Amino acid sequence: MQGFGVHTSMWTMNWDRAGAEKAIAAAVDYKMDFIEIALLDAPSVDAGHTRALLEKHGLRAVCSLGLPKPAWASQRPEAAIAHLETAIEKTAEIGALALTGVTYGGIGERTGVPPTKAELDNVARVLGAAARRAKSLGIDLGIEPVNRYETHLINTGWQAVEMIERVGAENVFIHLDTYHMNIEEKGAANGILDARDHLRYIHLSESDRGTPGCGTCDWDEIFATLAAIGFKGGLAMESFINMPQELAFGLSVWRPVARDEAEVMGNGLPFLRNKARQYKLI
């Protein structure tokens with residue numbers, strides 16, 4: 001998962017044949033090292049088609065998701081295990097390296113109170129089962145802490161560390177996101193330092209989810225801390241341009257966060273690449 005990548009939401013959130021062809025061609029044009037494919041409907045994905053496109057262009061991939069409500073791990077662990085196993089198998093068929101994201105719950109899952117012991121017990125059991133299936137297929141499994149408005153379960157790097165150490169699987173890693181860190185961490189550096197032993201992937205997303213460099217994220221703090229810990233994982237730019245209604249609801253995105261692809265890829269991508277070069281991360 002090393003190098004510089006991009007979330008395919010820049011071009012599509014519908015991973016059908018047309019979406020795959022469009023996103024992979026664009027990622028190659030922008031000279032990305034890898035792409036992050038959103039598996040919103042894993043069973044419908046034509047894995048052979050995607051794998052052939054990736055191999056043709058020499059492009060690596062990771063997959064990501066959030067659990068749908070019928071398969072929320074905290075409430076329906078057996079359904080969550082089944083959902084994750086299907087997604088893990090599709091990830092392997094695609095030839096991707098990892099499945100990550102909100103693998104422990106739903107985007108927009110909140111009960112109105114802190115997580116209970118029973119909920120966290122269920123999450124740990126689900127992640128343990130998913131990790132075992134992933135390991136059998138040579139796949140890593142990521143946990144992405146997200147902000148308090150999207151889940152009540154895991155919001156910070158240290159909470160993700162606690163869950164990973166509880167699960168105790170060597171193929172489970174932390175996936176941070178600068179947008180969520182900007183809300184939840186006591187400084188981005190502290191979040192990165194808390195997660196450092198398990199940190200293998202990070203979303204580079206601006207404070208409003210729009211064009212990197214045009215918000216309030218402290219990018220020098222972020223990149224300097226990544227450099228200080230010797231970060232060697234994936235750097236994935238995530239800015240939402242194409243947003244299906246069901247995902248927009250979970251993310252509470254009610255307006256365009258950037259003008260268009262040209263703005264994000266023309267301004268935000270060079271900004272992030274220059275920062276990564278400045279701090280010798282690429």
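In the predicted model described here, the buried residues of helix α5 (residues 157–167) are Gly157, Gln159, Ala160, Val161, Met163, Ile164 and Val167; buried means under 20% relative accessible area, exposed over 50% and partly exposed in between, with a 1.4 Å probe and protein chains only. Helices (H or I, at least four residues) and strands (E, at least two) are DSSP runs, numbered from the N terminus. The cover over the buried residues of α5 includes α4 (117–136), β5 (140–143), β6 (172–177) and α7 (188–195). Just after α5, Gly168 has a positive phi of about 70 degrees.

Residues are numbered from 1 along each chain as its sequence is written, and side-chain values use heavy atoms, with hydrogens and water left out. As this is a predicted model, local features need pLDDT of at least 70 and side-chain atom pairs count only at pLDDT 80 or more, while totals for chains, interfaces and linings use all residues.

The UniProt annotation, from an unreviewed entry, assigns residues 24–241 to "domain: Xylose isomerase-like TIM barrel"; such annotations may be inferred rather than shown by experiment. Over residues 24–241, the chain is 42% helix and 17% strand, and the end C-alpha atoms are 16 Å apart.

Two helix pairs were examined, with axes taken as lines fitted to C-alpha atoms, for helices over the stretch in contact, and angles running from 0 to 180 degrees between N-to-C directions. The axes of α1 (residues 17–29) and α2 (residues 47–57) come within 10 Å and cross at roughly 15 degrees. This makes α1 roughly parallel to α2, a label for angles under 35 degrees, whereas those over 145 count as roughly antiparallel, 65 to 115 as roughly perpendicular and the rest as oblique. The crossing of α1 past α2 is right-handed, that is, the near helix is turned clockwise from the far one by less than a right angle. In α1, Arg17, Ala20, Glu21, Ile24 and Val28 meet His49, Thr50, Leu53, Leu54 and His57 of α2, contact being heavy atoms within 4.5 Å.

The axes of α3 (residues 77–94) and α4 come within 9 Å and cross at roughly 25 degrees, and α3 and α4 are therefore roughly parallel to each other. On the α3 side, the contact includes Pro77, Ile81, Leu84 and Ile88, and on the α4 side it includes Asn122, Val126, Ala129 and Arg133. α3 also passes α4 in a right-handed crossing.

His180 lies in helix α6 (residues 178–184) and is buried, with a relative accessible area of 4%. Its side chain is joined to that of Asn147 by a polar contact of 3.0 Å, meaning a pair of N or O atoms within 3.5 Å; within protein, one must be able to donate a hydrogen and the other to accept it, and residues adjacent in sequence count only if both atoms are side-chain atoms. Leaving aside neighbours within four places in sequence, the contacts of His180 include Glu150 and Arg209. Arg209 lies in the loop between β7 (199–204) and α8 (219–228) and is buried, at 2% relative accessibility. The side chain of Arg209 makes a polar contact of 2.7 Å with the side chain of Glu150.

Most residues other than glycine have a negative phi. Lys31, in the loop between α1 and β2 (34–38), has a positive phi of about 60 degrees and is exposed, with a relative accessible area of 67%. Lys280, in the segment after α10 (261–278), has a positive phi near 60 degrees and is exposed at 74%.
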